[in-house]
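Keep the picture open while you go through the points below.

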Amino acid sequence: GNYQGLVPITHRNRYRSTLVPAVEDSVVLITGASSGLGKQLALVYAKRQARLVLTGRNTERLQQTEEECQKHGAKVHSFSTDISKPEAVSTHTAEAD
């Protein structure tokens, strides 16, 4: 496959790795960032210095994710919204840029 521009991230299991794009200074939108996979992705991209736009339904947990990402030096904008409304998401994404 074409892996140009991707960097490996090694998980706790040293035999598995995942490829994610090199994203430094890119804006990355992550939905469901207040918990689970969304939160873990937010932390991975925060360590890669992406500018993050995070959404989630639980405002308190979303705020916790934002703070954790900021500790890694990421610029983060988070908001709780209905992601089925594209105009709301694009407005917030533009604010992060």
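Three strands make an open sheet here, lined up in the order β3-β4-β5, and the pairing is parallel. Strands pair if DSSP finds at least two bridges between them, while the strands themselves (E, at least two residues) and the helices (H or I, at least four) are DSSP runs numbered from the N terminus. Keep in mind that this is a predicted model: local features need pLDDT of at least 70, side-chain atom pairs count only at pLDDT 80 or more, and totals for chains, interfaces and linings use all residues. Residues are numbered from 1 along each chain as its sequence is written, and side-chain values use heavy atoms, with hydrogens and water left out.

- β3 and β4 (residues 51-55) pair in the parallel sense over four bridges.
- Along that pairing, V27 stands opposite R51 in β4, and V28 stands opposite L52 in β4.

**Covered and uncovered**

- In a regular strand, the side chains alternate between the two faces of the sheet.
- β3 has a covered face with V28 and I30, plus an uncovered one with V27 and L29.
- β4 is mostly covered, as four of its five residues are buried; "buried" means under 20% relative accessible area, "exposed" means over 50%, and "partly exposed" is in between (1.4 Å probe, protein chains only).
- Across the protein, buried residues make up 30% of the 97 residues.

- V28 lies in strand β3 and is buried, with a relative accessible area of 13%.
- Leaving out residues up to four places away in sequence, V28 touches V23, Y45, A50, R51, L52 and V53; a touch, or contact, means heavy atoms within 4.5 Å.
- V28 and A50 are 22 residues apart along the chain, and their C-alpha atoms are separated by 6.5 Å.
- T55 is found in strand β4 and counts as buried at 2% relative accessibility.
- The residues that T55 touches include L29, I30, S34, L62 and F79, again not counting residues up to four places away in sequence.
- T55 and S80 are 25 residues apart in sequence, and 5.4 Å apart in space from C-alpha to C-alpha.

**Two residues in the loops**

- S34 lies in the loop between β3 and α1, and it is buried, with a relative accessible area of 8%.
- Not counting residues up to four places away in sequence, S34 touches K39, T55, G56, R57, N58, R61, L62 and T65.
- Q49 is found in the loop between α1 and β4 and is partly exposed, with a relative accessible area of 32%.
- Q49 has a positive phi of about 65 degrees although it is not a glycine.
- For background, most residues other than glycine have a negative phi.

**The helices**

- α1 lies across β3 and β4, and runs at about 165 degrees to β3.
- The axes of α1 (residues 36-47) and α2 (residues 59-71) come within 8 Å and cross at roughly 20 degrees.
- α1 and α2 are therefore roughly parallel to each other; that label covers angles under 35 degrees, with over 145 counted as roughly antiparallel, 65 to 115 as roughly perpendicular and the rest as oblique.
- The crossing of α1 and α2 is right-handed, where right-handed means the near helix is turned clockwise from the far one by less than a right angle, and left-handed means anticlockwise.
- K39, A42, L43 and A46 of α1 make the contact with T65, E68 and C69 of α2.
- By class, that contact of α1 with α2 has four nonpolar, one polar and two charged residues; Ala, Val, Leu, Ile, Met, Phe, Trp, Tyr, Cys and Pro count as nonpolar, Asp, Glu, Lys and Arg as charged, and the others, Gly among them, as polar.

**The whole chain**

- The protein has three helices and five strands, and along the sequence they follow the pattern β-β-β-α-β-α-β-α.
- Of the contacts with a separation of 6 or more, 46% are between residues 24 or more positions apart.

Note on methods. Axes fitted to C-alpha atoms, helices over the stretch in contact; angles between N-to-C directions.
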